[in-house]
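Work through the exercises below with the structure open beside you. Try each task before you read its solution.

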Amino acid sequence: MMDASGAYGGGKAGAPFDPFTFVQRPQVILRGVCLLFAIIVFSCISSNGWLYDETEKQEVCLFNRDASACHYGEGVALLAFLASCGFLAGEYLFEQMSSVKTRKHYVLLDLGYSGFWSFLYFISFCYLANQWSSAPVPPESVGTGSIQAAISFSFFSVITWAGCAWFAYQRFKQGADSAFAPTYDADPSNLSGAAYTSYPGPDTDTGYQEAPFSGNQQRGGNIDYQAPAY
């Protein structure tokens with residue numbers, strides 16, 4: 001298992017938890033804002049987005065009587081609320097992840113989900129705004145403020161979820177860069193290339209002594225040979 005100390009923008013695994021540092025992290029703050037916006041959008045549509053029609057004897061959606069618009073807005077906001085809670089828990093556990101691969105999977109999940117949910121919120125904003133612009137004014141303008149708030153905070157959620165995707169991308173980029181970083185520092189003194197000691201040349205005094213009996217052989221060359229006497 002690889003060491004995850006400092007991987008993907010997180011601290012060293014196993015470090016003591018500091019709640020003040022945790023709540024000051026940009027990812028945590030932005031997740032909290034996403035959570036708050038999801039509550040506002042869901043509450044506004046579920047509580048004041050429906051009006052009981054005496055003629056039809058049932059509740060109708062104030063978004064131009066399009067029940068799909070109300071359900072879509074509520075569904076996106078509800079899933080955004082649950083996902084925000086999950087990612088907040090993931091941010092708490094992120095520092096405790098000792099595996100680099102686990103951190104990478106979490107960051108990729110954050111990046112993909114946040115980008116996709118920003119897109120869904122954009123569709124929700126366009127859908128709700130279009131239906132509201134074509135809808136008749138409710139009797140006594142009941143629910144008008146809540147409907148406008150749901151549309152506005154749907155647009156704000158596009159920005160906050162896109163911001164979460166941006167932070168996740170920065171984390172992934174940081175982790176990818178650190179994966180290819182060298183793990184040692186090169187010694188500048190070795191870069192110049194030290195000259196190797198060559199073998200001694202022919203003129204180099206090796207210090208060897210003269211071979212034994214070489215002098216005798218040379219002196220022996222001047223001694224005359226005498227035949228033995230019988």
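Predicted model: local features only at pLDDT ≥ 70, side-chain atom pairs only at ≥ 80, totals over all residues.

**Exercise 1. The fold in outline**

State how many helices and strands the chain has, and give their order.

Solution. 
- Step 1: Count the elements. The chain has seven helices and two strands.
- Step 2: Read along the sequence. The pattern is α-α-β-β-α-α-α-α-α.
- Step 3: Look at burial. The chain has 230 residues, and 32% of them count as buried.
- Step 4: The chain exposes about 15,100 Å². Carbon and sulfur atoms supply 61% of that area.
- Step 5: Look at contacts between residues at least 6 apart in sequence. Of these, 77% join residues at least 24 apart.

**Exercise 2. The strand pair**

Find the sense in which E1 and E2 pair, and describe the turn between them.

Solution. 
- Step 1: Locate the strands. E1 covers residues 50–53 and E2 covers residues 58–61.
- Step 2: Check the direction. The two pair in the antiparallel sense, over four bridges.
- Step 3: Pick a bridge. Trp50 has Cys61 in E2 as its bridge partner.
- Step 4: Inspect the turn. E1 and E2 form a hairpin with four residues between them. Lys57, in the turn, has a positive phi of about 60°.

**Exercise 3. The disulfide**

Which cysteines form a disulfide, and which hand does the disulfide have?

Solution. 
- Step 1: Search the whole structure. One disulfide turns up.
- Step 2: Name the partners. They are Cys61 and Cys70, with sulfur atoms 1.8 Å apart. The cut-off for a disulfide is 2.5 Å.
- Step 3: Take the torsion about the S-S bond of Cys61 and Cys70. The value is about 80°, so this disulfide is right-handed.
- Step 4: Check burial. Cys61 and Cys70 are both buried.

**Exercise 4. Other cysteines**

Decide whether Cys44, Cys126 and Cys164 are buried, partly exposed or exposed.

Solution. 
- Step 1: Recall the cut-offs. Buried means under 20% relative accessible area, and exposed means over 50%.
- Step 2: Take Cys44, in helix H2 (residues 26–48). Its relative accessible area is 12%, so Cys44 is buried. Beyond its sequence neighbours up to four places away, Cys44 touches Gly49, Ser146, Ala149 and Ala150.
- Step 3: Take Cys126. At 34%, Cys126 is partly exposed.
- Step 4: Take Cys164. At 3%, Cys164 is buried.

**Exercise 5. The aromatic residues**

Which residues form one aromatic cluster, and which arginine lies over the face of Phe87?

Solution. 
- Step 1: Count the pairs. There are 15 aromatic pairs.
- Step 2: List the cluster. Phe87, Phe94, Tyr106, Tyr113, Phe116, Trp117 and Trp161 form it.
- Step 3: Look over the face of Phe87. Arg31 lies there, 4.2 Å from the ring centre.
- Step 4: Do likewise for Phe94. Arg171 lies over its face, at 4.3 Å from the ring centre.

**Exercise 6. One serine**

Is Ser124 buried or exposed, and what does Ser124 touch?

Solution. 
- Step 1: Ser124 sits in helix H4 (residues 100–134).
- Step 2: Compare with the cut-off. Ser124 has 1% relative accessibility, so Ser124 counts as buried.
- Step 3: Leave out residues up to four places away in sequence. Ser124 then touches Tyr72, Gly73 and Ser154.

Methods: Residues numbered from 1 in each chain as written. Heavy atoms only, no water. Buried < 20%, exposed > 50% of the residue type's maximum accessible area, 1.4 Å probe, protein only. Contact = heavy atoms within 4.5 Å. Areas by Shrake-Rupley, 256 points an atom, 1.4 Å probe, with all protein chains shown as cover. Pairing = 2+ DSSP bridges. Phe/Tyr/Trp six-rings, centres within 6.5 Å; stacked < 30°, edge-to-face > 60°. Lys NZ or Arg CZ within 6 Å of the ring centre and 35° of its normal.
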